[in-house]
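Please consult the sequence and the structure alongside the points listed.

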Amino acid sequence: MPKIIRPDDSQPAKTLWFDRKKYVTITFMVQKSKDLVVDIQDDKMILSCKTGDDINIYNEIYFYDKIQKFDSREKQYDRTINVMLRKVKENVAWPRLTKDTAKPSWLAVDFDNWRDWEQEEDEGMAEYEHYMDMLQDMSKKGEAPVMDDLDDLDDD
């Protein structure tokens with residue numbers, strides 16, 4: 001891949017991101033992008049393109065942790081450019097997208113898609129344990145009631 005050079009008059013695209021167990025998703029808000037070039041590496045990515053109004057866009061992100069560059073993808077849409085990055089360490093939450101603790105002004109969390117997936121397994125386990133307790137309580141109550149009279153309802 002050719003080296004991407006940052007244009008002098010470029011600006012970063014507004015960017016949203018969210019975290020999942022196996023991947024991180026980044027959405028660059030760019031209207032009618034053209035001349036798109038995306039370079040995904042193990043520890044960073046560069047996005048360069050132009051908007052429909054010929055504004056140069058350039059984003060360079062050093063990731064919080066390593067990703068699998070060959071299992072990561074980008075998709076260009078009319079209003080956005082979506083990037084899915086496959087984590088090297090699955091089931092490890094990223095507290096932020098960038099390696100640097102200072103958050104760039106153009107970067108924000110995508111709260112519409114954010115889930116606290118670390119708690120999902122715990123909640124599922126708690127629900128399962130509650131269900132098992134309920135089944136045990138039911139078995140302690142004795143025999144199940146006879147429901148012979150329900151057959152009469154079918155005759156209507």
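The model is predicted. Three strands make up an open sheet, arranged in the order S3-S4-S5 with antiparallel pairing. Strand S7 (80-87) pairs in the antiparallel sense with strand S2, and its pairing with strand S6 is also antiparallel. Thr98 is buried, whereas Asp8 is exposed.

**The open sheet S3-S4-S5**

- The sheet is open, contains three strands in the order S3-S4-S5, and is paired in antiparallel fashion.
- Its edges are formed by strand S3, residues 34-40, and strand S5, residues 56-62, each of which pairs on one side only.
- On average, and with direction ignored, neighbouring strands of this sheet are turned by 5° against each other.
- Strand S4, which spans residues 44-50, is joined to S5 by seven bridges, and the two strands run antiparallel.
- Within this pairing, Met45 stands opposite Ile61 in S5.
- As a general point, side chains in a regular strand alternate between the two faces of the sheet.

**Pairings of strand S7**

- Seven bridges connect S7 with strand S2 (residues 23-29) in the antiparallel sense.
- In S7, Thr80 is the residue that stands opposite Met29.
- Strand S6 (residues 67-76) is joined to S7 through six bridges, and these strands likewise run antiparallel.
- Ile81 in S7 stands opposite Gln76.
- S6 and S7 together form a hairpin, with three residues between them.

- Thr98 is located in the loop that lies between strand S7 (80-87) and strand S8 (107-109).
- Its relative accessibility is 10%, so Thr98 counts as buried, the cut-off for that class being under 20%.
- The side chain of Thr98 reaches the backbone oxygen of Asp100 at 2.8 Å.
- When residues up to four places away in sequence are not counted, Thr98 touches Ile61, Tyr62, Phe63, Tyr64, Pro104 and Leu107.
- One of these contacts, Ile61, is the residue in S5 that stands opposite Met45.

- Asp8 belongs to the segment before strand S1, which covers residues 14-19.
- Asp8 counts as exposed because its relative accessible area is 84%, where exposed requires over 50%.
- Asp8 and Asn56 are separated by 48 residues in sequence, and their C-alpha atoms are 8.8 Å apart in space.

Definitions and conventions
Residues numbered from 1 in each chain as written. Predicted model: local features only at pLDDT ≥ 70, side-chain atom pairs only at ≥ 80, totals over all residues. Heavy atoms only, no water. Pairing = 2+ DSSP bridges. Helix = DSSP H or I, 4+ residues; strand = E, 2+ residues; numbered from the N terminus. Axes fitted to C-alpha atoms, helices over the stretch in contact; angles between N-to-C directions. Buried < 20%, exposed > 50% of the residue type's maximum accessible area, 1.4 Å probe, protein only. Polar contact = N/O pair within 3.5 Å; in protein donor to acceptor, adjacent residues only side chain to side chain. Contact = heavy atoms within 4.5 Å.
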